[in-house]
Amino acid sequence: MNTDLNQSNFISLIGRKILRSSEICGEVVILVKRTFYWFFHAPLNRRNVFLQLLEMGARTFPVTSLTLFFTGMVLALQSGYSFIKVFNEPLYVGRLVGASICKELGPVLTSLVFAGRVGAAVAAELGTMKVTEQIDALYTLGTNPIKYLAVPRFLAAMLMLPLLVIYSDFIGILGGFLIAHFRFGIPPNVYFDEIYIMQIREVVHGLIKAVVFGLIIITISCYEGLTTEGGAEGVGQSTTSAVVISMVLVLVGDYFLTALLVAFRIG
Amino acid sequence: MIQISDLFKCFGRKIVHQGISFEVDKGEVLTIIGGSGSGKSVLLKQMVGLIKPDRGEIYIDGKAISHLEEEELQEVQKMIGYVFQEAALFDSLTVAENVSFGLYNLLKFSEHEAKKIVRDKLALVGLSGIEDLKPAQLSGGMKKRVGIARAIALNPKILLYDEPTTGLDPVMSDVINDLILKLKKETQTTAIAVTHDMKSAYKISDRIAMLYEGKILEIGTPQQIQNSKNPILRQFISGSSFGPIPIPGHKNNEHRN
């Protein structure tokens, strides 16, 4: 009798979780749909767009640069020593660093840093606005919050993340070059020739990922912010959720996106 | 001017309103009193379209607003100024940008016209010369007054005040009360205030309505409310913890020895 009751409670708990998850998926899709609707049906708030471009681009650049600079150095160091063991010479270091950074590490690591910095900031800012009734105040003053808050953030994220990835690719390749040249004595023309033979579609592969990851991060962050409930504690929870969910989706999405892009022979 | 007709609202299993009806005449100030969590703010938010009622209707100037689309609702919102409990000023904007926000977005004023209105409205609430400050630089009372200036910038026919004196010291509360009376006298706006500050309610109201368990328990002039024999209303206005109003975790029906 008691076991039946526990089982039915457990099943109803799972059912409620599935229903709630479906609801959240639906709400996220509606948020994206409304954002694109307002993007095409209302003039852009240029001041807001500029501020977001500045925040997401210029102010995120130093930390993504630092991340990729050291990643490029580590890649060159690891690959150099590995190739010395196998071929007795540090071959293909430029090729390995270039391809790894442009196709994989550039977009993924930049997106993870972007999720931590920008995703958290967006969720915290919108969450604070929600719990202090500023979102309600926007409505009463004739301004749709999606149009005023979400559209500039979506636009800035989807523009700036690919740009950050391009910058980070350069910085990562530069970091790799410093190790390749000064640690292993690889001449600059050899290192960079291996970079130049990369095909444009390999870079495009990384940039497509950056656009998709930008959309994922900003959608989750805006959704978490705009649905915040429960004061300061709620803002903290939304911020944490925005970062964690964005990072997980970037990592999981990376596999499926890579599989899709490879299937379409992009990169 | 405002008519609330048989309003019902639930959040999940919690019933907030179960058949609320009343009317507010043009130029009248009605104060809705009630305990914390009794649904006073939800009632105000339904009047401006922020929350949709489950059943019943709200008429503003004869127009039913409960199921209007966003664009039609904006026309109604032009008539209504909403003063939020914690002022809800936009942190990233200056005082002037806060006050002029609706002028640009709802009424499409030019910059020159908006600047003049901002100056006038800030002067009306006694805060000239703070246009360039950010909300974080203001005291609680100043924030409330800037919130009122933002609400009256559109010259609304109706003003909704959500707990206008909560969190302020007694002197500043009286300043806000005087401001509400001054606006009533100078602009002839209809106003609904929700509060549990009885001193404020007696001072600013033409009529007071008590919201209790999702219904209007009693409605009348401040004099009638003060003389009411209803034990629930009497307990509330006297601010006693002893009486028929149930308080979770508190034995409030015991007689004092």
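1. In this predicted model, Tyr59(B) has Ala64(B), a residue of S5(B), as its bridge partner. The two strands concerned are S4(B), which covers residues 55-60, and S5(B), and they pair in the antiparallel sense over 2 bridges.

2. That pairing belongs to an open sheet of 4 strands in chain B, whose order is S2-S1-S4-S5 and whose pairing is antiparallel. At its edges are strand S2 (14-24) and strand S5 (63-64) of chain B, each of which pairs on one side only.

3. A helix is also placed against this part of chain B: H1, made up of residues 40-47, lies across strand S1 (2-11), S2 and S4 of the chain, and its direction makes an angle of about 120° with S1(B).

4. Chain B has a further open sheet, this one of 6 strands with mixed pairing, in the order S6-S7-S8-S3-S9-S10. Because strand S6 (80-83) and strand S10 (215-220) of chain B stand at the edges with a single partner strand each, one side of each is left without a neighbour in the sheet. On average, and with direction ignored, neighbouring strands of this sheet are turned by 15° against each other.

5. Turning to the contact between the chains, 11 residues from chain A and 14 residues from chain B take part. The side of chain A that touches chain B has, by class, 3 nonpolar, 6 polar and 2 charged residues.

Terms used. Residues numbered from 1 in each chain as written. Chains lettered and ligands numbered in written order. Predicted model: local features only at pLDDT ≥ 70, side-chain atom pairs only at ≥ 80, totals over all residues. Pairing = 2+ DSSP bridges. Axes fitted to C-alpha atoms, helices over the stretch in contact; angles between N-to-C directions. Contact = placed C-beta atoms within 7 Å. Nonpolar A, V, L, I, M, F, W, Y, C, P; charged D, E, K, R; others polar.
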